[in-house]
Amino acid sequence: MISHSTVPLAIANRLWRYLCEGGVDNLHQALLFLGQQFFARSEQVKAPAAVPNVGRYEAWQSAPASGPALTPEPGPHPQPG
């Protein structure tokens with residue numbers, strides 16, 4: 001797909017980095033970046049910022065192949081409805 005793009009590779013890569021990092025601030029900066037590149041806007045644009053891995057579930061990497069990666073906590077669990 002990139003070979004058919006009409007956007008310079010540097011711009012596409014930077015936009016992709018904003019989207020991969022995620023977060024509200026990166027989305028805001030991505031929109032400012034697009035405005036600067038294509039609509040002659042003059043706002044200052046920050047580089048894509050890494051979003052911390054807080055809350056990211058990565059236990060699947062070390063889970064045994066034979067069992068589930070998650071085990072429920074003991075106690076009553078609310079039922080829908």
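Two residues are in contact when their heavy atoms lie within 4.5 Å. Keep that in mind for this predicted model, in which local features need pLDDT of at least 70, side-chain atom pairs count only at pLDDT 80 or more, and totals for chains, interfaces and linings use all residues. Residues are numbered from 1 along each chain as its sequence is written, and side-chain values use heavy atoms, with hydrogens and water left out.

Let's start with the whole chain. The protein chain has 2 helices and 0 strands, both taken as DSSP runs numbered from the N terminus (H or I, at least four residues, for helices; E, at least two, for strands). Of its 81 residues, 14% count as buried, meaning under 20% relative accessible area with a 1.4 Å probe, protein chains only. The chain exposes about 7,000 Å², and carbon and sulfur atoms supply 62% of that; the areas come from the Shrake-Rupley method with a 1.4 Å probe.

Now zoom in on helix H2, which covers residues 24–38. From first C-alpha to last, the 15 residues of H2 reach 21 Å, close to the 21 Å expected at 1.5 Å a residue (that is, 1.5 Å times one less than the number of residues). Its buried residues are Asn26, Gln29, Ala30, Leu32, Phe33 and Gly35, and they pack against helix H1 (9–21). After H2 comes Ala40, with a positive phi near 55 degrees.

Asn26 is worth a look of its own. Asn26 counts as buried because its relative accessibility is 2%. Leaving aside residues up to four places away in sequence, Asn26 touches Tyr18, Glu21, Pro48, Ala49 and Val51.

Notes: Buried means under 20% relative accessible area, exposed over 50%, partly exposed in between (1.4 Å probe, protein chains only).
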